Amino acid sequence: MRMIDAMSAAGDDCAAVRRISSMAGLTPARRATLDALMQAQESGRYVRDIFAHGDQLGRLSSRDAAFALRLALGVTATEGCLDDALNSHLAKPGKVSARVRCCLRISAYEALYLDTPADVVVSQGVELVRSCAKSASGLANAVLRRVCENRTQFLSAEDAVDEQRPIVSAARRSGLPVWLVRAITRAHPLESSRVLAAQTRPAPTAVHLNARLDGSKPSWLDQAQPALLGLAGAYRVAHVGAVAHAGAFDRADAVASDFSAQLIATAAVAAGSCLEIGAGRGTKTFVMQSQAIRAGLTRTHVALDLYEGKCAANARRIELAEYPRVKTAFGDARDLDAVLGALDREAARRMEFDTVLVDAPCSGTGTMRRHGEIPWRLARTDVTRDLPELQLALLSAAAARVAVGGQLLYATCSIMPEENEGVLERFARSEMGSAFRVEPLSQAPAFCLEPFRHAADVIRGHEDERGLFHTYPAPDEFDGHFCARMVRRSQASAV
Ligand SMILES: C[S@@+](CC[C@H](N)C(=O)[O-])C[C@H]1O[C@@H](n2cnc3c(N)ncnc32)[C@H](O)[C@@H]1O
């Protein structure tokens, strides 16, 4: 699997690739970007996965590969804004073929969001279009010149009516849909300018180290230029590519995981039994197992996901890591009695757990600068209706499996209140919810354990007055995550 360090794409090397003489032919990085974006469009797959599993990058120098990845992710993340900019200069926007549009988007992205000189934007854009539709190269020349000339007016939204101008301009500068910028700005008036500023910049990367390597200082970690974060096992790395190229992810020597996600996974580590709902491919499972080893805890872990393939990948990595086995279960966690039926029968009782972590499917708005597909695939009703319904159903089903005195953690990587506090409030009003009380995440039993005492202070720095944990994406800071911790004080009367 090829993994390129998107951080290095921001460096001098990429600037050099960008400024390549306008007299040169089409650069291989832009060609590879076009191929990958077209493949993504035609197959519905994520462009990052296409780069990771295809051979587009293998044929490029590491400098070109980093630039191609940055271009492809950037074009995906700002797609709607690029189309707005292009369409305003096209007489018949509907007549432009998918491939030509893709070429124009790549060049418009460079014009609007990178500091590529205008002559290079236009000449490379014309070469891109010529490579797939010779007859459209004149059109490309005219449109891209206009996009470059009107960059400032477009980003300032001079074409919008007065009262809409600030929000349309903020949306264009961040590359996001207007409805989403409005929702973020309303929900987070204090944080929104930094959240929006983060969207067009590379996100920092963190890894979590296999606990069995503690104290051994592997050379691949040195090459990645690590900086200790305030949590055992967590490192910020300047060059995640060095970790990937050394095979450390493939060997389960480490996982890439946002620092806030590592804090949440650590908060869910406690003695006894744990049910993890929405375990996916198991990044948090790995972190939890690592931390349990560091703390010398004995625990059991059931990792559950909707998809059998994800459960299998999770179990495989845990085995590779040489961690204690986790049991996996797959199916729709809204019907936990069905999904856990086999385990209940094996245990000869309806199992209840000391810790239940719901890592809920969500809009991903806290991580969308890493996952450019999110903003332009997301619909408003996903955030206001469909996801909260699913999240509440998962949380309610999960709650019924928490032992009295046990803890229930509800986590998302969303910054939208409808998916976070909104779901919690509806849960609290329910019969089942009345059996739980919210407790600060920083007071989770994990933070009384020696290796994690200091991390409680880090968490406290991101807690609101109720002890709910929030982080927000910001330039050079980690992603947006939410986590609430509840403790079960009684049996709910309806259960
Ligand atoms: C936020 S992601 C999980 C990320 C994962 N915990 C990790 O750390 O790598 C949410 C997960 O919920 C799963 N999911 C979605 N709907 C579900 C359902 N109804 N029942 C169980 N799992 C579900 C998805 O397949 C996805 O893997």
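**Strands and hairpin**

The hairpin of S2 and S3 has five residues between its strands, and glycine 233 there takes a positive phi near 90°. This is a predicted model.

- S2 (residues 226-228) pairs with S3 in the antiparallel sense, over three bridges.
- Leucine 228 stands opposite tyrosine 235 in S3.
- S3 (residues 234-237) also runs antiparallel to S1 (residues 205-209), joined by four bridges.
- In that pairing, alanine 206 stands opposite arginine 236 of S3.

**Nonpolar core**

- The largest nonpolar core holds 151 residues.
- Ala72, Val243, Val358, Tyr410 and Cys483 have the most contacts inside this core.
- Beyond residues up to four places away in sequence, alanine 72 touches Thr33, Ala36, Leu37, Val47 and Phe51.
- In soluble globular proteins, nonpolar side chains tend to be buried together.

**Annotated domain**

- An unreviewed UniProt entry lists residues 168-489 as "domain: SAM-dependent MTase RsmB/NOP-type".
- This span is 38% helix and 20% strand.
- The C-alpha atoms at the ends of residues 168-489 lie 48 Å apart.

**Annotated active site**

- UniProt (unreviewed entry) lists Cys413 as "active site".
- Cysteine 413 sits in the loop between strand S9 (402-412) and helix H22 (421-428).
- Is cysteine 413 buried or exposed? It counts as buried because 28 other C-beta atoms lie within 10 Å, and the cut-off for buried is 20 or more.
- Leaving aside neighbours within four places in sequence, cysteine 413 contacts Cys362, Gly364, Gly366, Thr367, Asp479, Gly480 and His481.

**Annotated binding site**

- The UniProt annotation "binding site" (unreviewed entry) covers Asp305, Asp332 and Asp359.
- These residues are spread over 55 residues of sequence but cluster in space, with a largest C-alpha distance of 13.6 Å.
- Aspartate 332 lies in the loop between strand S7 (327-330) and helix H18 (336-339).
- Aspartate 332 is partly exposed, with 14 other C-beta atoms within 10 Å.
- Aspartate 332 touches Leu306 and Val339, not counting residues up to four places away in sequence.
- Aspartate 359 is in strand S8 (residues 353-359).
- Aspartate 359 is buried, with 25 other C-beta atoms within 10 Å.

Key: Residues are numbered from 1 along each chain as its sequence is written. This is a predicted model: local features need pLDDT of at least 70, side-chain atom pairs count only at pLDDT 80 or more; totals for chains, interfaces and linings use all residues. Two strands pair if DSSP finds at least two bridges between them. Helices (H or I, at least four residues) and strands (E, at least two) are DSSP runs, numbered from the N terminus. A nonpolar core is a set of buried Ala, Val, Leu, Ile, Met, Phe, Trp, Tyr and Cys residues joined through C-beta atoms within 7 Å. A residue is buried if 20 or more other C-beta atoms lie within 10 Å of its own, exposed if 12 or fewer, and partly exposed in between; C-beta atoms are placed from the backbone. Two residues are in contact if their C-beta atoms, placed from the backbone, lie within 7 Å. UniProt positions are given in the numbering used here, feature names are shortened, and annotations may be inferred rather than shown by experiment.
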